Amino acid sequence: MSEANKPSPESGSGRWTLTRGIPVPARLKRFVMGDGIVSEVFANSAKATSVVLTSRVSFNVLRLISNFIMARLLAPEAFGLMAVAFAISSAVEMLSDFGLNANVVRSERGDDPKFLRTVWLMTMARNAFLTLIIWSVALGLWLARDSLPPESTYALAIAPWFVAGAAVEVLIRGFISTSMMLAQREMRFLAPAILRFTAQAITIPVMVVAALLGAGPWALLIGAIFRPLLVVIGSHTVIKGPRMTFEWDQDCFREIFSFGKWIVLASLASLFAVRAGQFIFGYYFTAEEFAFFVIAGIWVVALQGLLETVIRAVCFPAISECMRRDKKTVAGIYKRFRALADVGALGAFVLLMVGNEVFFRYYYPEDYWAAAHFVPLIGLRLFFAPTVLLEQTIISAGDSKRYSGITAFAAVSRVVALPAAYLVFGTDAAVITASLIPVLTLPWTWKVGSRVMKISPVTEGRTLVFAALATVAVLMAP
């Protein structure tokens, strides 16, 4: 070894260095954090992630408390009704999603008050229109009530009215200030997190009082409407940003529409890709089976939502910033985010496998315990949450057209595979199929992602390895 390459103590520090005189801790920090823009953005993201994780965990604790109380005041079918109503309202929303939030985060003009006010007006108009559509769906359910499977959740007499009530929540959310979107762009998460936490905390006693007064399943819907009303008020009063007024800019609209027209198609496809399970299983399963499926999914979705919230709330703005400043840095920041996301997905699944039976027996009354069976089956979907990061990278590059193609393929796959799996193999096979079906879209996602940055087979292959091993573990479990 030449003298130039021999390790030597750093002068005056007592720490050993490797080549080029860089201390080992510094080299390790560079490996983890990266250099230049990557290091700066990753450091800012780490701070933002701590706020998002803390707020999300706190929110889920409140949700846990809420479900703990309401499960003792209401029958299981109430949660199935709630799932059906909001599956329909969410589905209708996805039919006309112009990617307004994504536009604010990724656009060069995303912090322009004219741009934000144009987005606000578009959001209000869109949500008002969606409310009318949801009411039409509710009317259709009422007219078709005699032709639905009698044991289906959709056939319950209260279902059409529940769906109509859920539309009010959509209407209210249309008034939320776009200062909330601006806060995400600038990775200012503390104030919005406190606002949402406070709204959820105030909503719990409102639902409890409604249930004690005899509102039954309507107590859940009352809470779902009251919470966004508080968020609307807070978004205009406590969140930093330009004041919302009726201001329209045609240039801003053209930019939003140019990017968003493909997001509409992607959202339409996501309606089936994301919600197909609830629609299809709500039709085929008995009301009791579907209620257990929904209750089990609450906690899987909570963990999945924790991962995807960080990806969309923190990683997407960070990647978009790298995209605006220097596209060559995108691969570096993506690799670091993806490693953390994969570890999080694996940890969440292990937590479900180890603690789900104990959790249900401790947390729920005995007539809810059967729902624990579905938890590991649904939990397999957790391994595909990190792939959202690659999809967000594609969106940050502005390639909404190809992204819509990926989601369209996912939609078709679900609509075809889920009924077939149920009719041929039964309930468990259908739920597992719903969890693993994202495997079919991965090759296409990798191909489109390679147009933005170099795709690492090792980084992307971890998803398949983890999912395969977890599926074997689920099938072999007693």
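A polar contact is a pair of N or O atoms within 3.5 Å; within protein, one atom must be able to donate a hydrogen and the other to accept it, and residues adjacent in sequence count only if both atoms are side-chain atoms. In this structure, the backbone oxygen of Asn127 lies 2.8 Å from a polar atom of the side chain of Thr131.

The model is predicted: local features need pLDDT of at least 70, side-chain atom pairs count only at pLDDT 80 or more, and totals for chains, interfaces and linings use all residues. Residues are numbered from 1 along each chain as its sequence is written, and side-chain values use heavy atoms, with hydrogens and water left out.

**Overall make-up**

The protein has 18 helices and 2 strands. Helices (H or I, at least four residues) and strands (E, at least two) are DSSP runs, numbered from the N terminus. Of its 478 residues, 52% are buried; buried means under 20% relative accessible area, exposed over 50%, and partly exposed in between (1.4 Å probe, protein chains only). Contact means heavy atoms within 4.5 Å. Among contacts between residues at least 6 apart in sequence, 83% join residues at least 24 apart.

**Thr131**

Thr131 is part of helix H5, which covers residues 113-143. Its relative accessibility is 2%, so Thr131 counts as buried. Leaving aside residues up to four places away in sequence, Thr131 touches Ala167, Val170 and Leu171.

**Aromatic pairs**

Rings of Phe, Tyr and Trp (its six-membered ring) pair if their centres lie within 6.5 Å; planes under 30 degrees apart count as stacked, over 60 as edge-to-face and the rest as tilted. By this rule there are 8 aromatic pairs. Two of them are set out below.

| Pair | Class | Centre to centre | Angle between planes |
|---|---|---|---|
| Trp120 and Phe246 | tilted | 5.8 Å | 45° |
| Phe349 and Phe383 | tilted | 5.0 Å | 50° |

Trp120 is buried, at 7% relative accessible area, whereas Phe246 is exposed, at 70%.

In the other pair, Phe349 lies in helix H12 and Phe383 in the loop between helix H13 (375-379) and helix H14 (387-396), so the pair ties together parts that are 34 residues apart in sequence. Phe349 is buried, with a relative accessible area of 5%, and Phe383 is buried at 3%. Not counting residues up to four places away in sequence, Phe349 touches Pro376, Gly379, Leu380, Leu382, Phe383, Ala470 and Val474.

**The largest pocket**

On a 1 Å grid over the protein atoms alone, a pocket is an open set of points with protein on both sides within 12 Å along at least five of seven lines, and lining residues have an atom within 4 Å of a point. The largest pocket has a volume of about 390 Å³, a volume being the space filled by probe spheres set on the points. Its lining has 15 residues, and Leu64, Trp299, Leu303, Leu351 and Phe359 lie nearest its centre. Helix H2 (36-70), helix H11 (287-325) and helix H12 (330-363) each supply at least two lining residues; H12 gives the most, with 6.

By class, the lining has 12 nonpolar, 3 polar and no charged residues. Ala, Val, Leu, Ile, Met, Phe, Trp, Tyr, Cys and Pro count as nonpolar, Asp, Glu, Lys and Arg as charged, and the others, Gly among them, as polar.

Definitions and conventions: 1 Å grid on protein atoms, 1.4 Å probe; cavity = no way out; pocket = protein on both sides within 12 Å on 5 of 7 lines; lining within 4 Å.
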